[in-house]
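Here are my notes for anyone opening this one for the first time. Have a look at the model, then go through the points in order.

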Amino acid sequence: MLAAIRAWFDAQGFIEADVGAWTRSPGAETHIHAFATEGAYLHTSPEFAMKRLLAAGERKLYFLGKTYRAGESGPLHAPEFTLLEWYRADAPYEHVMEDCVALARLASETAGGDALRWRGRHCNPFLEAERVRVHERAPRDLDSAAFSQRIVEIEPSLGHPRLTLLTHYPITEAALAQRCADDPTTAERFELYACGVELANGFGELTDAHEQRARLVEAMAAKRALYGEAWPIDEDFLAAVAQMPPASGCALGVDRLVLLAAGARDLRDVIWTPPP
């Protein structure tokens, strides 16, 4: 599966980025937790490093490797997991939505099947994906914690019998995405679902460094209020945002994609060396 994914990106002229797992700030997510080490963190995503490469002039980048998130374990979670993350300069975020659909189809074909499966649910990735706006399933006025709970309630209804692209997230739930032109209260953020399982999270990337700083400050204030911790603001990342071209990007959980393509029941069935 990893070879098939690399071949797919290589054929389109992408460069594979090799970024370090150690970072001074692991991201902007309110509800994600990182493993702290001496003076640094293990990255929860290669996003900040990848955006510095975009600012330096790269146009098509992908990362395929290990990432780390604390407090995550279960049938669909592991503290160490394989992440695919990619960026397209000067491309709308609809383009990476199409990438997601293509990768879901690639996974199904590579596994020798015609569907994705998980615990009694089936998804045919070769059908046209449906697009659903968040406000069609969740009220607009929820705070961050209530919004997260609401999304968990609706997830089982998404991604079967066809892929679902959940779009137009509230700005408060998309710290790194630009505003939607047709609704500035929402952001160019989407998630891909199959069989009720979230597979990918993508953005039309925010390139306004001033607004990005304000969003990071707001996200970390919410993180401290909810969890009693906050990550430092990465000034090198903000400097890169100011130099970035318009871009779209996405992160996809490879272990979950393999899980569904194989019709397995638990990530431990597809991770060769699962965590203890």
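1. Let's start in a loop. Aspartate 90 sits in the loop between β6 and α3; helices (H or I, at least four residues) and strands (E, at least two) are DSSP runs, numbered from the N terminus. Its phi is near 55 degrees, a positive value in a residue other than glycine. Most residues other than glycine have a negative phi, and most peptide bonds are trans.

2. A word on what you are looking at. This is a predicted model, in which local features need pLDDT of at least 70 and side-chain atom pairs count only at pLDDT 80 or more, while totals for chains, interfaces and linings use all residues. Residues are numbered from 1 along each chain as its sequence is written, and side-chain values use heavy atoms, with hydrogens and water left out.

3. Now the overall picture. The chain's secondary structure comes to seven helices and 14 strands. Its radius of gyration (taken over C-alpha atoms) is 18 Å, close to the 19 Å that the globule rule (2.2 Å times the number of residues to the power 0.38) gives for 276 residues, so the chain is as compact as a globular protein of that length. The C-alpha atoms fill a box of roughly 45 × 40 × 40 Å along the principal axes. Of the 276 residues, 52% are buried, where buried means under 20% relative accessible area, exposed over 50% and partly exposed in between (1.4 Å probe, protein chains only). Among contacts (heavy atoms within 4.5 Å) between residues at least 6 apart in sequence, 68% join residues at least 24 apart.

4. Histidine 168 has a positive phi of about 60 degrees although it is not a glycine. Histidine 168 lies in strand β10 and counts as buried, at 10% relative accessibility. The other is a cis peptide bond joining histidine 160 and proline 161, with omega about 10 degrees; proline 161 is in the loop between α4 and β10.

5. Which residues of α1 are buried? They are Ala4, Ile5, Trp8 and Phe9. Seen down the axis of α1, these residues fall within an arc of 130 degrees (taken from the directions from the helix axis to the C-beta atoms), so they line one face of the helix. An α-helix has 3.6 residues a turn, so residues three or four places apart point the same way. The buried residues of α1 pack against β5, β6, α3 (93–110) and α7, while Ala3 and Ala11 are exposed on the other side. Glycine 13 follows α1 and has a positive phi, near 85 degrees.

6. Compare that with α4 (residues 144–154), whose buried residues are Ser144, Phe147, Ile151 and Ile154. They cover an arc of only 85 degrees around the axis, which puts them on the same side of α4. Their packing partners are β10 (164–170) and β12 (183–194). Turned away from the buried side is a face with the exposed residues Gln149, Val152 and Glu153.

7. Two single residues next. Leaving aside neighbours within four places in sequence, tryptophan 22 is in contact with Thr37, Glu38, Ala40, Tyr41 and Leu42. Arginine 215, found in helix α5 (residues 209–227), is buried, with a relative accessible area of 6%. With the neighbours within four places in sequence left out, the contacts of arginine 215 include Ile171, Leu176, Gln178 and Leu206.

8. The structure holds one cavity of 30 Å³ or more; on a 1 Å grid over the protein atoms alone, a cavity is a set of points where a 1.4 Å probe fits but cannot get out, and lining residues have an atom within 4 Å of a point. About 30 Å³ of space lies in the largest cavity, a volume being the space filled by probe spheres set on the grid points, which are joined across faces, edges and corners. Its lining is Ser25, Gly27, Phe48, Leu216, Met220, Pro232, Ile233 and Asp234.

Conventions:
On a 1 Å grid over the protein atoms alone, a cavity is a set of points where a 1.4 Å probe fits but cannot get out, and a pocket is an open set with protein on both sides within 12 Å along at least five of seven lines; lining residues have an atom within 4 Å of a point.
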